[in-house]
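Student: I have a structure to study. Can we go through it step by step?
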Amino acid sequence: MKQLFIIANWKSNKTELEAKKWIQEVLSIKDQGLSIEKEIIICPSFPCLTILKSYILNHHSLIKLGAQNISPFDEGAYTGEVNVKQIKEFADYVLIGHSERRKNFGETEETVVQKINMTTRYNLISVLCISDLSQLSNVKIQNDDSNQNNLIIAYEPLFAIGSGQADIPENADQIAAEIKKELNNVSVLYGGSVTSENVSNFTKMPNIDGVLVGGASLDPLEFSKIIKNA
Ligand code: PGA
């Protein structure tokens, strides 16, 4: 069985109290479908990391945490930024270059590469989100084989994000195969309108190693079904 990554991207949703209710509910579901072949990663907003971390530790859960963003700079005079050392206290993964950050916050290829370098330096895993293959080119130059374990690529076509119209699994698989050719068998996830109904259509594809789930991850029951069906 291949190793699957199932990542919840909560985006800018949930208060600390709501995050606590979500994790309580997920952990109380008897058959969560959790197994060592499925790495489950929750990416909440920064203020929810503390409560989730303590819940996960107290319940000896295998669920991992990720950040949705990272400062391209080390600690210091960068008002409003959350730096890698602060993130490392809570998270093992960092989403980088999500299309919403590229579109709404002017994130450039240059900052994306800076952020990947930062996470790599501190042994965190970058989940680089791309909507087309051209966004791989700068990463390819930076990334040698020794960095490959610290990098996951999430392919998220723009039309599929938040639209309820997921890509055709065969198309996504073909892109995933091309990414693996470019980056020496890196793990590739699919993202964009993934639900409990369609998740297995993606995870059964030979080149797809998991999913990045936005909207459908906000509901604990639906997310648990996604884990089970993946
Ligand atoms: P969606 O979002 O599942 O709501 O389409 C996915 C993402 O933006 O990562």
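Tutor: Start with contact: it means heavy atoms within 4.5 Å. The model is predicted, so local features need pLDDT of at least 70, side-chain atom pairs count only at pLDDT 80 or more, and totals for chains, interfaces and linings use all residues. Residues are numbered from 1 along each chain as its sequence is written, and side-chain values use heavy atoms, with hydrogens and water left out.

Student: Which residues does Leu128 touch, beyond those up to four places away in sequence?
Tutor: Neighbours up to four places away in sequence are not counted. What remains is Ile96, Arg102, Val112, Ile116, Leu136, Val139, Leu151, Ile152, Ile153 and Ala154.

Student: How many residues are in the largest nonpolar core?
Tutor: A nonpolar core is a set of buried Ala, Val, Leu, Ile, Met, Phe, Trp, Tyr and Cys residues joined through side-chain atoms within 4.5 Å. Buried means under 20% relative accessible area (1.4 Å probe, protein chains only). Ile42, Leu128, Ile153 and Ile179 touch the most other members, and the residues number 59.

Student: Which residues does the second, separate core include?
Tutor: This core has 13 residues. Included are Ile41, Leu95, Val127 and Leu212.

Student: Which residue in S5 stands opposite Leu95?
Tutor: Strands are DSSP runs (E, at least two residues), numbered from the N terminus. Two strands pair if DSSP finds at least two bridges between them. S4 (residues 93-96) and S5 (residues 125-130) pair in the parallel sense over 4 bridges. Opposite Leu95 stands Val127.

Student: How many strands form the closed barrel?
Tutor: The order runs S1-S2-S3-S4-S5-S6-S7-S8, with parallel pairing. The strands number 8.

Note on methods: Buried means under 20% relative accessible area, exposed over 50%, partly exposed in between (1.4 Å probe, protein chains only).
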